[in-house]
Amino acid sequence: MSKLRIEGVTRTFPPSRKGGEPTLALQPTSFDVADNDFITILGPSGCGKSTLLRIIAGLDRATEGRVLLDGKAVTGPGSDRGMVFQSYTLFPWLTVIDNIAFGLHERGMPAARRTALSHDWCARVGLAGFERHYPKQLSGGMQQRTAIARVLANDPKIMLLDEPFGALDNQTRSLMQETLLDIWQRETKTVLFVTHDIEESIFLASRVLVMSARPGRIKADVRVELPYPRHYTLKTSPEFSELKALLTEEIRAEAMLAAKVQTE
Amino acid sequence: MPRPLEPVSSTTRVLLGVLFFVLFVLAWAWATLGGYVTRTFLADPLTMVREGYDLLVRHGFLFDIGITIWRVVGGFVLAALVAVPLGIMMGTYKSVEAFFEPFVSFARYLPASAFIPLLILWAGIGEKQKLLVIFIGSVFQIILMVAITVGSTRRDLVEAAYTLGAGDAGIIRRVLIPSAAPDIAEILRLVLGWAWTYVIVAELIGSSAGIGHMIVDSQALLNTGQIIFGIIVIGVIGLVSDFLFKAANRWLFPWRLA
């Protein structure tokens with residue numbers, strides 16, 4: 001059975017001023033996500049991929065259609081769909097440990113257990129020794145590691161990531177991709193990962209969904225048959241390049257469309 | 001030559017700050033002791049110090065200082081107890097904000113000192129009236145500023161908390177309040193400064209004790225030395241309370257500086 005089912009989801013934003021045209025951000029979109037799948041959603045900026053993810057998270061409402069998680073309709077945000085954002089969203093007043101424990105605390109877990117659990121998660125994302133640091137004292141990569149640990153500590157059914165490495169430099173991003181894959185294989189989680197980076201989308205995913213320019217729709221559904229565990233050297237392999245060429249072609253047409261719409 | 005926005009060392013900063021006080025007193029001494037200003041209008045620094053000593057030792061001025069501090073702190077704490085929770089509710093719930101905001105914005109512009117005659121009528125000239133002046137002067141300011149601060153909490157933090165399983169109560173208690181807390185402390189520090197203005201005005205009218213009362217008494221005796229001493233005492237207390245507030249904020253909110 002599929003873990004997550006998206007059924008004819010659309011999103012229309014109301015006009016920004018009276019008498020204006022409503023904006024269609026997302027055309028009817030349907031797909032299924034299998035258990036323990038790692039899916040990347042690839043699309044040019046402004047194509048509605050973040051909107052789709054926010055609808056799944058329950059932070060935004062679908063105009064039509066519905067989202068089913070384990071057969072139950074999503075009506076609002078919840079800890080079963082943990083989300084990592086592109087902007088750094090650690091709570092600046094909490095230390096790394098307390099950030100990771102936020103969801104556990106909210107669930108009413110006793111202090112001793114949640115401290116033990118969050119120390120454990122801190123170590124698992126490679127942040128041992130930084131437990132008592134405040135977010136401001138961490139680099140961007142370390143903040144996103146904490147954000148990932150904070151979501152995983154909650155043991156969500158599915159993990160949603162909205163361009164989480166978009167603000168990181170290239171080297172850090174590359175390292176973070178490997179870390180994320182490591183964690184995914186160890187914890188066997190279902191992951192939905194939004195990105196506009198073609199290499200990133202292939203390197204991480206078992207399946208890439210390519211979205212069209214706004215109004216967004218799923219334009220291609222590409223299986224990535226490269227074996228896990230994946231090493232960064234994979235990015236220079238012929239199979240990888242072949243996929244990259246294919247996706248580049250798909251995305252390029254959309255990016256050109258998007259650019260044209262903007263200049264009109 | 002200093003360049004724009006170039007930082008200065010902490011020693012230089014302190015020295016420059018002290019230098020201004022020194023120059024200020026020197027200019028004052030030059031104007032008064034040099035005979036450029038009549039003593040009736042402005043006492044010289046030495047007379048001021050002598051009068052101040054007199055006030056403290058012989059006229060029980062410490063008691064007046066104590067009374068004034070008690071009034072400011074009392075009225076201010078009462079205002080904060082009402083205003084901070086209300087401000088938080090207004091910042092959190094837009095309907096609560098829509099209900100209170102127009103009135104509070106209106107009331108904010110009513111000068112507290114204009115209420116004094118009315119308050120004397122209602123509450124007499126006792127402590128209750130003094131506290132009410134401070135209360136009216138502070139409460140609306142705090143409400144409005146707290147509401148704005150809470151309302152402008154980063155949306156992405158709120159969303160992150162929701163996806164971590166927080167409910168509405170959790171959002172208020174564990175995101176909106178801690179996120180706004182340092183700014184609320186800063187607002188309280190600012191408004192406490194204004195409360196000092198109101199207390200002196202309240203004490204100038206119908207009062208039998210306090211720094212403001214002493215200043216009115218000294219005016220009747222044309223004792224400008226005492227008046228200036230009173231004003232300086234207010235300034236020093238303000239400086240000390242400001243320092244304490246800042247130190248408390250640093251201690252309470254280390255994550256801001258981290």
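# A buried, kinked helix and its surroundings

In this predicted model, 21 of the 25 residues of helix α6 of chain B are buried, so α6(B) is largely enclosed by the rest of the structure. A residue is called buried here if 20 or more other C-beta atoms lie within 10 Å of its own. Helix α6(B) covers residues 127-151. From its first C-alpha to its last it reaches 35 Å, close to the 36 Å expected at 1.5 Å a residue. The helix does bend, however: a kink of about 25 degrees is centred on B:S138.

Chain B contains 11 helices and zero strands, and its pattern along the sequence is α-α-α-α-α-α-α-α-α-α-α. Along the principal axes, its C-alpha atoms fill a box of roughly 75 × 60 × 30 Å. Of the 258 residues in chain B, 34% are buried. Among contacts in chain B with a separation of 6 or more, 71% are between residues 24 or more positions apart.

One pair of helices in chain B can be followed residue by residue. Helix α3(B), residues 61-92, packs against helix α8(B), residues 168-204. The angle between them is about 145 degrees, and their axes lie 8 Å apart. The crossing of α3(B) past α8(B) is right-handed. On the α3(B) side the contact uses B:T68, B:R71, B:V72, B:G75, B:F76, B:A80, B:V84, B:I88 and B:T92. An α-helix has 3.6 residues a turn, so residues three or four places apart point the same way. On the α8(B) side the contributors include B:I172, B:L176, B:I184, B:L188, B:W196 and B:E203. By class, the residues of this helix contact divide into 14 nonpolar, three polar and two charged.

Chain B also meets chain A. The contact between the chains takes 23 residues from chain A and 14 residues from chain B. On the chain A side, the elements that give two or more residues are β6 (81-84) and α3 (102-106) of chain A. That side of chain A has 10 nonpolar, eight polar and five charged residues.

Within chain A, several backbone features sit in loops. The bond from A:R214 to A:P215 is cis, with omega near -5 degrees, and A:P215 is placed in the loop between β9 (207-211) and β10 (218-223) of chain A. Another cis peptide bond joins A:Y228 and A:P229, with omega about -5 degrees. A:P229 is placed in the loop between β10 and α8 (238-263) of chain A.

The other two features are residues with a positive phi. A:N36 is not a glycine, yet its phi is positive, at about 65 degrees. A:N36 belongs to the loop between β2 (23-34) and β3 (38-42) of chain A. With 14 other C-beta atoms within 10 Å, A:N36 is partly exposed. A:T188 is also not a glycine and has a positive phi, of about 40 degrees. The loop that holds A:T188 runs between α6 (170-187) and β8 (190-195) of chain A. A:T188 has 8 other C-beta atoms within 10 Å and is therefore exposed.

Key:
Residues are numbered from 1 along each chain as its sequence is written. Chains are lettered from A and ligands numbered from 1 in the order in which they are written. This is a predicted model: local features need pLDDT of at least 70, side-chain atom pairs count only at pLDDT 80 or more; totals for chains, interfaces and linings use all residues. Two residues are in contact if their C-beta atoms, placed from the backbone, lie within 7 Å. Helices (H or I, at least four residues) and strands (E, at least two) are DSSP runs, numbered from the N terminus. Ala, Val, Leu, Ile, Met, Phe, Trp, Tyr, Cys and Pro count as nonpolar, Asp, Glu, Lys and Arg as charged, and the others, Gly among them, as polar. Axes are lines fitted to C-alpha atoms, for helices over the stretch in contact, and angles run from 0 to 180 degrees between N-to-C directions. A crossing is left-handed if the near helix is turned anticlockwise from the far one by less than a right angle, and right-handed if clockwise. The expected span of a helix is 1.5 Å times one less than its number of residues. The bend at a residue is the angle between axes fitted to the seven residues ending there and the seven starting there. A residue is buried if 20 or more other C-beta atoms lie within 10 Å of its own, exposed if 12 or fewer, and partly exposed in between; C-beta atoms are placed from the backbone.
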